[in-house]
Amino acid sequence: DITNPHSGTICGWIATGGLGLGAFKYGHVNNSVLAIRLLRPDGEWQTILPDQELFADIFGSEGQIGIVAGAVLRVGKQTYVSKPYAFSFENSDTVNRFVQLLNEWQLKPTSLLYFDPNYLATTREIEKAKLIAQLPEAMESADAVRIARLRQDLDTVEKYAGLQHAVVMEFDTKEDYQKALKYPFFTFSPERRRYRDLIFTSLSTTVAHKLWEHRYQPVEMKPQGPSMLVSEVILPLEKFSQYLNFIQSAITSWTENPVKTEGHILNEKEILLQTIILADTQTFRHKLYLGLVPFMTQTAVFFAGHSYGFGIWNL
């Protein structure tokens with residue numbers, strides 16, 4: 001499931017790295033690729049199969065080995081089930097312990113998304129502005145259904161206020177989400193609750209759906225910059241809280257430009273993070289921010305992580 005379906009391609013996803021939506025349940029995209037059609041730098045066409053040494057190197061190469069022009073894919077059956085759940089935790093360290101619980105319970109959501117407080121606050125403001133801008137047209141046309149829908153969406157987005165570290169998941173089969181219902185975590189209650197040593201808040205169905213829909217809008221906040229700089233790294237889940245705390249103290253506190261983070265939890269041990277700095281390419285300050293991207297990558301390396309896709313940018 002490509003994060004940017006309106007502009008992304010499967011070939012681009014392979015070249016970038018092949019991780020993200022669906023990774024928690026289905027793993028790396030290379031598990032679903034049966035062959036790659038590659039245009040090499042010398043102009044020769046080559047078909048690369050999984051048992052060839054070059055196959056693994058293509059994923060994340062970002063064009064340096066050659067142009068990925070096509071792929072043969074293994075596909076699953078179309079699913080018509082989508083059951084999202086969302087939770088808010090008081091700190092990022094709790095997220096790791098929650099994932100370990102899911103592993104203990106042997107639950108397999110398709111995806112586990114993470115949003116930090118700065119990301120949620122910015123998303124709330126953007127979504128509110130979009131919805132408010134649509135209201136006058138709906139009221140002028142006296143479209144009662146649309147007005148009601150916009151007001152309901154505004155009410156839903158307003159509930160982002162005060163959310164801390166949010167985790168959003170989705171089950172794509174009836175069997176998977178019915179298995180989850182056996183555990184008290186998945187029984188909705190608006191009150192803050194404790195399970196073992198975890199303190200959490202279950203988010204309503206409407207909020208869960210809204211946050212899950214946001215998976216296709218990873219660059220929605222870009223016009224706020226009006227550009228954005230992103231460090232994409234893969235970190236051990238047990239270290240990502242330390243990474244976030246350091247980035248906030250080292251960058252947000254210094255620049256007064258809040259760093260925003262979203263993530264894809266890949267499995268019980270790893271998380272893919274997109275750490276975002278909004279910037280304006282027309283200003284001198286942007287040059288300073290540009291230097292902070294490799295700084296964030298080096299910070300990830302310090303915490304036993306690595307870059308997601310090396311490519312020309314990180315080279």
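Buried denotes a relative accessible area under 20%, exposed over 50%, and partly exposed the range in between (1.4 Å probe, protein chains only). Helices (H or I, at least four residues) and strands (E, at least two) are DSSP runs, numbered from the N terminus. The model is predicted, with local features requiring pLDDT of at least 70, side-chain atom pairs counted only at pLDDT 80 or more, and totals for chains, interfaces and linings drawn from all residues. Residues are numbered from 1 along each chain as its sequence is written, and side-chain values use heavy atoms, with hydrogens and water left out.

View 1. Helix H5 comprises 24 residues, 117-140. Its end C-alpha atoms lie 36 Å apart, which agrees with the 34 Å that the helix should span at 1.5 Å a residue; the expected span is 1.5 Å times one less than the number of residues. Tyr-119, Leu-120, Thr-122, Thr-123, Arg-124, Ile-126, Glu-127, Leu-131, Leu-135 and Ala-138 are the buried residues of H5. They pack against helices H6 (144-158) and H8 (205-213) and against strands S5 (111-115), S6 (165-171), S10 (260-265) and S11 (270-279), where contact means heavy atoms within 4.5 Å.

**View 2. Helix H8 and its cover.** In H8 the buried residues are Val-207, Ala-208, Lys-210, Leu-211 and Trp-212. The elements that cover them include strands S4 (83-89), S5 and S6, together with helices H5 and H6.

**View 3. Leu-113 in strand S5.** Leu-113 lies in strand S5 and counts as buried because its relative accessibility is 2%. Not counting residues up to four places away in sequence, Leu-113 touches Leu-21, Ala-166, Val-167, Val-168, Trp-212, Arg-215, Gly-263 and His-264. One of these partners, Trp-212, is also among the buried residues of H8. Leu-113 and Ile-132 are 19 residues apart in sequence, and their C-alpha atoms are 27 Å apart in space.

**View 4. Two loop residues with positive phi.** Gln-106 is placed in the loop between helix H4 (92-105) and S5. Its phi is near 60°, a positive value in a residue other than glycine. Gln-106 is exposed, since its relative accessible area is 59%. Ala-142 occupies the loop between H5 and H6, and its phi, near 55°, is likewise positive in a residue other than glycine. With 59% relative accessibility, Ala-142 counts as exposed.

**View 5. Arg-192 in strand S7.** Arg-192 belongs to strand S7 (residues 192-195). A relative accessible area of 57% makes Arg-192 exposed. Leaving aside neighbours within four places in sequence, Arg-192 is in contact with Glu-90, Ile-199, Phe-200 and Thr-201. The C-alpha atoms of Arg-192 and Phe-89 are separated by 9.5 Å, although the two residues are 103 residues apart along the chain.

**View 6. The whole chain as context for the close-ups.** The chain contains eleven helices and twelve strands, and 48% of its 315 residues are buried. Its C-alpha trace spans about 60 × 55 × 50 Å along the principal axes. Among contacts with a separation of 6 or more, 74% join residues 24 or more positions apart.
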